Amino acid sequence: MELHELTAFQSNQLTHFKLVLIDVKNQDLHTLYMEAINGIEQNLKELLQYYPLAPEGTRNSGNEMDMTAFYAGQLLGFAKTSVRNYAIAITETATPQLRETLQKQLNGAIQLHGKVFYFMLERGLYPSYDLPKLLANDIAMANKAISL
């Protein structure tokens with residue numbers, strides 16, 4: 001499952017970086033974005049070599065791109081990262097009041113993660129309980145992100 005997590009996360013970030021690259025006006029930052037884009041593309045190509053038994057996924061290949069899965073994936077990744085970051089912060093907090101605040105915010109992040117997860121699951125955007133479909137989605141997402 002870690003292979004899936006890394007592939008899905010990097011595919012989503014690669015798509016995001018490519019979509020916003022046109023808005024990055026500072027040349028030095030633009031260069032860093034390009035370095036990240038090239039590195040992530042290489043990472044995905046290497047990771048995809050570990051998917052040989054996964055069925056090929058297909059997606060809408062029309063000119064109009066439905067970005068629902070991308071945007072939902074961005075939100076899911078944010079929520080998941082928030083849960084992890086809050087959990088770490090709570091273990092390093094010495095102030096009881098701050099700990100209580102962070103625990104409340106952690107619960108909110110957990111609830112958001114659940115809502116986004118079920119949104120994606122119900123629409124077939126994240127077939128987490130069907131490994132062949134999950135891996136096929138990884139392949140399709142990675143290839144789509146590389147080809148942008």
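Predicted model: local features only at pLDDT ≥ 70, side-chain atom pairs only at ≥ 80, totals over all residues.
Student: Which helix gives the most residues to the lining of the largest pocket?

Tutor: The largest pocket, with a volume of about 550 Å³, is lined by 25 residues, and Glu5, Ala8, Phe9, Gly73 and Gly77 lie nearest its centre. Two or more lining residues come from each of helix H1 (2–20), helix H3 (68–91), helix H4 (96–122) and helix H5 (131–147). The one that gives the most, with 9 residues, is H3.

Student: Are H3 and H4 roughly parallel or roughly antiparallel?

Tutor: The axes of H3 and H4 come within 8 Å of each other and cross at roughly 155°. Angles over 145 degrees count as roughly antiparallel, and therefore H3 is, relative to H4, roughly antiparallel.

Student: Which residues of H5 make the contact with H2?

Tutor: The axes of helix H2 (residues 27–48) and H5 come within 10 Å and cross at roughly 150°, which makes H2 roughly antiparallel to H5. The crossing of these two helices, H2 and H5, is left-handed. On the side of H2 the contact is made by Glu41, Leu44, Lys45 and Leu48. On the side of H5 the contact is made by Ile139, Ala142, Asn143 and Ile146.

Key. Residues numbered from 1 in each chain as written. Heavy atoms only, no water. 1 Å grid on protein atoms, 1.4 Å probe; cavity = no way out; pocket = protein on both sides within 12 Å on 5 of 7 lines; lining within 4 Å. Points joined across faces, edges and corners; volume = space filled by probe spheres on them. Helix = DSSP H or I, 4+ residues; strand = E, 2+ residues; numbered from the N terminus. Axes fitted to C-alpha atoms, helices over the stretch in contact; angles between N-to-C directions. Parallel < 35°, antiparallel > 145°, perpendicular 65-115°, else oblique. Left-handed = near helix turned anticlockwise from the far one by under 90°. Contact = heavy atoms within 4.5 Å.
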